[in-house]
Amino acid sequence: MKAVRLLLDKNIVVGVTGGISAYKTVALCSRLVKAGALVDVILTDAAAEFVRPLTFQALTHRPVITEMFSLLQETEIGHVSLGKRADLMIIAPATANTLAKLAHGFADNMLTTTALACRNPILVAPAMETAMWDNPATRANLQILRQRGVCVVGPAEGHLASGASGTGRMSEPEELFRAARWAMSRRQPMTDVRVVVSAGGTQEAIDPVRFIGNHSSGKMGYALAQAASDRGADVVLIHGPTSLAKVYGVEDVAVESAEKMCAAVLEAVSDADALIMAAAVADYRPATNTAHKIKKSDRTMNLNLVRTQDILSAVAKNRDGNNRLKAVIGFAAETESLVANARDKLSRKRLDLIVANNVSSDDSGFSVDTNRVTLIDSAGKADELPLLQKQEVAEIIIDRLMGLIKRN
Ligand code: CTP
């Protein structure tokens, strides 16, 4: 996994309290380190019974703070300064006891003292038995923490340490990582910007079991939604069927057909600053969609197709009446005359920027993680980018989007 710009060289303090799910926090720390963060781990005495400090130390390449060594470490690290310099503090697992202490401002160990000194976002991942989770005292403590801006992730439902099943399982490391990324993004420059992104391919039904589709995986659009969210934007992701994991903190709108996508986009842009149409929308759909499965026969089968609405053209039509919409970015999937075709689409669809990509090349376009694109602006200026990861292409497009929003 490549570094995540938002997390690069950021100080993240991970506090671990005593719970069997502490082993999952090891995976979370590994994920944060791979993303480029500087991770300091604090273990309570109880946590050190579940996972050895050395496990965390080997992963983070930094000294792990435990109660036993805290007096010694105090002179070297200083828990107050650790809390003060933390860009984010994550407490995972957070027991009912630690949540109670946090809610009431206790500072009776290294972890709670550090939390009290932390001036930046705090994320907690509760983990406990269902009865403790359901207890009004725990609920009230959570309420206090939420009101104070603490981000609470989980707990999930499932198998618990006692052998029972219910709510109380700590969320999975991947979800915690995504939530941490989102919590960090809320202080970025685009927090007052609402961006609509479309992604994936549409499916046009022929009958209840068949459809016309395309090879779009949705990867480029999802990378754009993530990159915009990382800058703090409020993102609506409207997507066709895809197997990709949801982008944390993003409003997720799943559609199937071009018609449904068009309705969803038109509704979302009425209240947005920008639209990025990365979706591969079907240009035609079957003229009829039969309610019953079409049975085969020995005769040739003809399928009548009719045009779908061009979503960008529909947005362009309404654009004069929408003062909030400052930037519209489209894509041009081409197999020949890349720049000329893209320029034509840019002016026909009244775009501010078009991202042209050659979908006939193996390292660019559908399903792969890389893309080779040319960005063309409304003045016709073409900027050819080298082969990049889709995530990197997305970062560059969001940089350009920020410029367009400022300009318009
Ligand atoms: N698009 C759209 N509505 C459609 C089809 C495409 O809004 N019904 C958008 C795409 O999301 C993309 C841009 O238009 O941002 C260009 O899509 P592309 O498929 O490259 O071009 P088309 O306009 O469909 O033209 P052609 O298929 O003839 O190349």
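Buried area is the accessible area (1.4 Å probe) that two parts lose on being put together, summed over both. The model is predicted: local features need pLDDT of at least 70, side-chain atom pairs count only at pLDDT 80 or more, and totals for chains, interfaces and linings use all residues. Residues are numbered from 1 along each chain as its sequence is written, and side-chain values use heavy atoms, with hydrogens and water left out.

**Exercise 1. Describe how domain 1 and domain 2 meet.**

Step 1. Domain 1 covers 11-185 and domain 2 covers 194-407. These bounds come from an automatic or database domain assignment.

Step 2. Taken over C-alpha atoms, they lie 39 Å apart.

Step 3. List the contacts (heavy atoms within 4.5 Å). Seven residues of domain 1 touch eleven residues of domain 2.

Step 4. Give the area. About 730 Å² is buried between the two domains, and carbon and sulfur atoms give 50% of it. In domain 1, Arg178, Arg181 and Ser185 lose the most area to domain 2. Together they make up 67% of what that side buries.

**Exercise 2. Find which residues surround the ligand and are closest.**

Step 1. Sort by type. Nine are nonpolar, three polar and four charged. Here Ala, Val, Leu, Ile, Met, Phe, Trp, Tyr, Cys and Pro count as nonpolar; Asp, Glu, Lys and Arg count as charged; the others, Gly among them, count as polar.

Step 2. Sort by element. Helices (H or I, at least four residues) and strands (E, at least two) are DSSP runs, numbered from the N terminus. Helix H13 (311-318) and strand S17 (327-334) each supply at least two shell residues. S17 gives the most, with four.

Step 3. Check the polar contacts (pairs of N or O atoms within 3.5 Å). A side-chain N or O atom of Lys349 is 2.6 Å from a ligand oxygen. A polar backbone atom of Met277 sits 2.8 Å from a ligand oxygen. For a polar side-chain atom of Asp283, the distance to a ligand oxygen is 3.0 Å.

How values were computed. A residue is near a molecule or strand if one of its heavy atoms lies within 4 Å of it. A polar contact is a pair of N or O atoms within 3.5 Å; within protein, one must be able to donate a hydrogen and the other to accept it, and residues adjacent in sequence count only if both atoms are side-chain atoms.
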